[in-house]
Amino acid sequence: MLNIFTIILFATTGAADYTAGSDAYYAQTCPQATTIVNNMVSKIVKENKNIAGGLLRLHFHDCFVRGCDASVLLDSPTNTAEKDARPNANSLRGFKEIEEIKAALEVECPGIVSCADVLALAARDAVVKVGGNSWSLALGRKDGRVSLKSEADEKLPRPFSNFHELVQKFAAVGLNQQEMVVLSGGHTIGRASCGAVQQRLYNFGGVEGATDPSIDPKFANELKNSCPQNQQGSELSMDRSKNRFDNLYFKAVLAKKGLFESDANLITNPVGLELVTRYSKQGSSFYSDFAAAMLKMSNIQWSTDGEIRRVCSTVNA
């Protein structure tokens with residue numbers, strides 16, 4: 001089992017040596033922990049492949065605010081928690097599934113495995129189930145006790161962010177431009193609501209009836225058919241391979257068929273264009289680079305100072 005010095009080193013220095021034996025943190029205290037998570041994720045994704053994208057996004061949105069401490073899972077009676085923020089409300093998914101996994105772990109080894117570790121493990125295992133590479137995880141996170149809507153509104157990237165704004169949001173949590181682009185490739189799985197693209201289709205730049213000129217016209221018409229103006233419309237797949245983890249997202253961005261304005265904006269900068277082009281090619285390093293970036297992201301600012309929540313949606317009494 002990893003000693004406390006190693007865990008603190010992971011949490012505070014951002015050192016690159018995260019991999020060796022790190023999954024063994026619960027080897028003595030809860031030997032079946034990672035197996036339980038993996039088996040339950042297998043069952044969950046088999047029943048609904050689309051949830052893989054939801055679990056990945058949930059982990060992503062957690063780590064960008066207060067680090068990877070499961071603060072995104074907390075409820076607020078006054079609707080002022082991270083999950084109530086504009087980028088999260090009515091769009092984040094996977095809360096029920098994380099609670100189910102946590103409940104199974106509480107039966108096996110009560111009070112041992114944090115919700116933050118459950119979230120990190122579930123996101124990784126879900127990506128693997130739909131075709132992505134795995135990555136090692138330094139386990140031993142504790143759960144935070146604070147969750148603020150205002151912080152999520154400030155720190156999370158938006159679907160209409162330009163390239164410079166994306167760079168700033170990722171840099172604020174220690175991720176560089178290459179990692180920003182490759183993590184954007186996570187959009188290859190999951191889904192979006194029409195609300196995320198309505199402005200691009202019908203009110204671009206604040207001009208009534210204007211459509212974003214960076215969208216392929218045929219693709220824009222397809223989106224308009226799925227998302228009529230001022231109507232709720234259909235759920236949209238992030239790319240045409242839907243729930244398969246692959247590099248088709250990058251091909252779509254180059255073809256002006258990225259779903260979000262932020263997707264299209266990746267190629268408005270020479271660095272972004274070069275990276276998107278590289279990852280769009282057969283045999284590219286997308287899979288391994290994505291896993292490496294997820295490993296780094298999963299270590300944002302987490303620490304051993306906190307608690308092990310019994311229920312992920314509420315702090316312990």
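An unreviewed UniProt entry lists Thr-188, Asp-239 and Asp-246 under the feature "binding site". These residues span 59 residues in sequence, yet no two of their C-alpha atoms lie more than 9.7 Å apart, so they gather at one spot. Of the annotated residues, Asp-239 is included in the lining of the second largest pocket. The model examined here is a predicted one.

Asp-239 is situated in the loop that connects β2 (236–237) with α11 (248–254). The relative accessible area of Asp-239 is 7%, and Asp-239 is therefore classed as buried, the limit being under 20%. When residues up to four places away in sequence are not counted, Asp-239 touches His-187, Thr-188, Asp-246, Leu-248 and Tyr-249. Among these contacts are Thr-188 and Asp-246, both of which are listed in the UniProt record for the "binding site".

Asp-246 is likewise found in the loop between β2 and α11. With a relative accessibility of 8%, Asp-246 also counts as buried. Once neighbours within four places in sequence are left aside, the residues in contact with Asp-246 are Thr-188, Asp-239, Ser-241, Phe-286 and Tyr-287. For Ser-241, the interaction includes a polar contact between its side chain and the side chain of Asp-246, at 2.9 Å.

Conventions
Residues numbered from 1 in each chain as written. Predicted model: local features only at pLDDT ≥ 70, side-chain atom pairs only at ≥ 80, totals over all residues. Heavy atoms only, no water. UniProt positions renumbered as here; feature names shortened; annotations may be inferred. 1 Å grid on protein atoms, 1.4 Å probe; cavity = no way out; pocket = protein on both sides within 12 Å on 5 of 7 lines; lining within 4 Å. Helix = DSSP H or I, 4+ residues; strand = E, 2+ residues; numbered from the N terminus. Buried < 20%, exposed > 50% of the residue type's maximum accessible area, 1.4 Å probe, protein only. Contact = heavy atoms within 4.5 Å. Polar contact = N/O pair within 3.5 Å; in protein donor to acceptor, adjacent residues only side chain to side chain.
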